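Let me put the structure up first, and then I will talk through it.

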Amino acid sequence: MMVFNQLETYLYLALILFAIGLYGVLARRNLIAVLISVELILNAASINFMAFNRFLAPHPAVGQVITLFIMAVAAAEAAIALSIIMAVYRKLKSVNIEQATELRG
Amino acid sequence: MNWLSSLTTPAGLATGAFVMVVAMTMLGALIAVAARNIFHNVLGLALSLIGVAGLFLYLNSPFVALMEILIYVGAICIAICFAIMLSAPMYLPPPPRHPLKILGALAGAGLVFAFLALLTKKTTWVAAPARSDDWSITTIGHYLLTNYVLIFEVISLLLVVAMLGAIVNARAGRGSS
């Protein structure tokens with residue numbers, strides 16, 4: 001059994017990618033860096049879908065279709081997030097999360 | 001020397017390429033979250049996404065691998081580069097980070113990692129009883145326009161709304177010309 005023909009290999013890879021992305025979301029203060037980390041998390045989800053699709057699913061087209069949907073939603077999310085970052089930068093002259101506190105109660 | 005000769009067999013070559021792809025993915029992800037320079041972060045993200053496309057190749061779907069490179073590396077990374085150029089100048093030093101917060105983030109991510117790794121280890125995965133081996137792109141197209149046609153249409157609507165929203169959002173405060 002080759003290492004790249006096992007489901008667990010891909011699950012652990014996706015898990016490591018997810019943990020790295022989660023650390024980025026929690027630790028970084030730059031809005032763009034947070035967006036980059038979110039993209040890593042979405043990719044971890046895609047790898048999981050593709051791995052289950054390859055090894056377990058009844059039909060191999062379903063996981064690929066879902067991965068394509070994830071990519072489309074990620075593109076929409078990135079466009080919206082970048083426009084919000086632009087608006088925040090124009091208002092605050094900064095892309096630091098800790099300075100965007102106008103909605104604090 | 002034994003492993004070196006095993007590298008020349010097809011299986012050895014495939015394993016070597018797989019290790020390289022995995023190293024690319026992980027190194028890119030680490031650069032994407034750990035480097036202080038925001039531009040290095042984007043380059044690390046691009047490297048990591050190319051590695052993920054390689055993983056998709058190993059998972060039997062060259063079509064999704066190509067889409068990954070096209071959409072993520074070609075569109076999203078470039079859009080992020082534009083956002084970086086339009087926002088805070090890079091020569092300003094980033095504000096120092098509190099080490100306790102870094103530690104907290106490490107602990108949180110580590111806890112989630114440990115929990116999910118335990119879950120993956122404990123579960124026995126059962127394959128579907130009847131599995132088709134039809135990997136062609138034609139079938140993906142059929143599925144997109146029959147079983148998943150509603151999601152397909154809703155996602156195209158979502159993309160239009162997202163684009164309009166992004167334009168309106170980014171134009172706000174620019175005067176009413």
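This is a predicted model: local features need pLDDT of at least 70, side-chain atom pairs count only at pLDDT 80 or more; totals for chains, interfaces and linings use all residues.

Residues are numbered from 1 along each chain as its sequence is written, chains are lettered from A and ligands numbered from 1 in the order in which they are written, and side-chain values use heavy atoms, with hydrogens and water left out.

Let me begin with the interface. In chain A, 73 residues are in contact with 82 residues of chain B, where contact means heavy atoms within 4.5 Å. The buried area between the two chains is about 6800 Å², and carbon and sulfur atoms give 77% of it; buried area here is the accessible area, taken with a 1.4 Å probe, that two parts lose on being put together, summed over both.

Which elements of chain A face chain B? Those that give two or more residues to that side are α1 (7–27), α2 (31–55) and α3 (60–92) of chain A, with helices taken as DSSP runs of H or I of at least four residues, numbered from the N terminus. Of these, α3(A) gives the most, with 25 residues. By type, the residues on this side of chain A divide into 54 nonpolar, 12 polar and seven charged; Ala, Val, Leu, Ile, Met, Phe, Trp, Tyr, Cys and Pro count as nonpolar, Asp, Glu, Lys and Arg as charged, and the others, Gly among them, as polar.

Now to the core. A nonpolar core is a set of buried Ala, Val, Leu, Ile, Met, Phe, Trp, Tyr and Cys residues joined through side-chain atoms within 4.5 Å, and buried means under 20% relative accessible area, exposed over 50%, and partly exposed in between, with a 1.4 Å probe and protein chains only. In the largest nonpolar core, which has 73 residues, Y10(A), F56(B) and I80(B) touch the most other members. The element that gives the most to this core is α3(A), with 13 residues. Leaving aside residues up to four places away in sequence, Y10(A) touches residues of both chains, including F55(A), F18(B) and Y58(B).

S48(B) is in helix α3 of chain B and counts as buried because its relative accessibility is 0%; its contacts beyond four places in sequence include L17(A), L40(A) and M24(B).

Finally, the backbone. K93(A), in the segment after α3 of chain A, has a positive phi near 55° without being a glycine, and K93(A) is exposed, at 59% relative accessible area. N60(B), in the loop between α3 and α4 of chain B, is likewise not a glycine and has a positive phi of about 75°; N60(B) is partly exposed, at 36%.
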